[in-house]
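Please look over the chain below before reading on.

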Amino acid sequence: MSVIVCRQKRAGHPYFLEELGVNIYTCQELCYGIYHHPILFMDGIMNQNLVDFIRDEFGMGFVAARLEQRMKSGDKPEELLFLFMQECDYYTTGEMNKLRQAVTLLRKLPAYEYAKRKADYLVKFKQYGKAIAGYQELLETEDKRADEQFASRVWSNLGACYARIFQFKEAMEAYNRAYEKKRDLSTLERMYHLTLLNPKLELKERYKSVISPELMEKWNGDFERAKEEAKDSKEVKKIGRLFERDSVRRMEGAALLVEEWKQEYRGMA
């Protein structure tokens, strides 16, 4: 998420916006997040804690009172967001109309498609724990209108989330379910790579016959290239730079890096 320069009152104590994993200091920053990522905020971000923050830190008592009144009246969550954004006067009427249209289109989606799209969006911000919960709920309440291909995509995305938090056994099971729904070779490739990451895992016998020696050679090559690319990742380089510093600066840098990882982990768990 980009940071914008704001001119109005800056909060002395920021509000941590879990959906984006960032601290919010101004009403413009909050408006910016809602405007560019509406699907993350359409289902009840405007709660009493946020209203209190708007009142106390932004000095917007009148707006907070209106929000509380509308909350008690049972207004739709998105209408509360629109009210707040209009009072902040950060976006033009045309831009607000564009946002309303985007939200209306999202609301018109079938419930199962909306749920998947929101979980997919959470993955983009490394909110893996919430994404997993979203996928699991979607699979538990499987809509009869959704076809096997859709279910396969959900299982596959669930497997990817588990793999990203190193729960390889759960990832393998999810990919197995995805492959049962739709025999996609890319899903089989992911399962094969999981066996390379965790030798305790094994492909089912009926899947092994599908993999030719040429295909296995290619997948092994892809895996080795991915390992080499991982060595050049930002996180690995950060750790490497720490050990190039003197002991005091190394400890300071390590503390900052650990705190950064903690923030990211909160979204994964």
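Helices (H or I, at least four residues) and strands (E, at least two) are DSSP runs, numbered from the N terminus. On that basis Tyr112 has its place in helix H6, which covers residues 111-124. The model is a predicted one, in which local features need pLDDT of at least 70 and side-chain atom pairs count only at pLDDT 80 or more, while totals for chains, interfaces and linings use all residues. Residues are numbered from 1 along each chain as its sequence is written, and side-chain values use heavy atoms, with hydrogens and water left out.

The chain holds 14 helices and two strands. Of its 269 residues, 40% count as buried, where buried means under 20% relative accessible area, exposed over 50%, and partly exposed in between (1.4 Å probe, protein chains only). A contact is a pairing of heavy atoms within 4.5 Å. Among contacts in the chain between residues at least 6 apart in sequence, 55% join residues at least 24 apart.

Just after H6, Lys126 takes a positive phi of about 60 degrees.

Next comes helix H7 (residues 128-140), with 13 residues and a reach of 18 Å from first C-alpha to last, close to the 18 Å expected at 1.5 Å a residue. Buried in H7 are Tyr128, Gly129, Ala131, Ile132, Tyr135, Leu138 and Leu139.

How do H6 and H7 pack, and at what angle? Two packed helices are described by the angle between their axes and the distance between the axes. Axes are lines fitted to C-alpha atoms, for helices over the stretch in contact, and angles run from 0 to 180 degrees between N-to-C directions. For H6 and H7 the angle is about 160 degrees and the axes are 8 Å apart. Angles under 35 degrees count as roughly parallel, over 145 as roughly antiparallel, 65 to 115 as roughly perpendicular and the rest as oblique. H6 and H7 are therefore roughly antiparallel to each other. Their crossing is left-handed, a term for a near helix turned anticlockwise from the far one by less than a right angle, with right-handed used if clockwise. In this contact Tyr112, Ala115, Lys116, Ala119, Asp120, Leu122 and Val123 of H6 meet Tyr128, Lys130, Ala131, Tyr135 and Leu138 of H7. These residues divide into nine nonpolar, no polar and three charged. Here Ala, Val, Leu, Ile, Met, Phe, Trp, Tyr, Cys and Pro count as nonpolar, Asp, Glu, Lys and Arg as charged, and the others, Gly among them, as polar.

The loop between H8 and H9 contains Phe166. Phe166 is not a glycine, but has a positive phi of about 65 degrees. With a relative accessibility of 64%, Phe166 counts as exposed.

The remaining pair is helix H1 (residues 27-36) with helix H4 (residues 77-88), at an angle of about 135 degrees and with axes 10 Å apart. That angle makes H1 oblique to H4. The contact is made by Cys27, Leu30, Cys31, Ile34 and Tyr35 of H1 and Leu81, Phe84, Met85 and Cys88 of H4. By class these are nine nonpolar, no polar and no charged residues. H1 passes H4 in a left-handed crossing.

Asp89 lies in the loop between H4 and H5. Although not a glycine, Asp89 has a positive phi of about 55 degrees. Its relative accessibility is 61%, so Asp89 counts as exposed.

Conventions:
Expected span 1.5 Å × (residues − 1).
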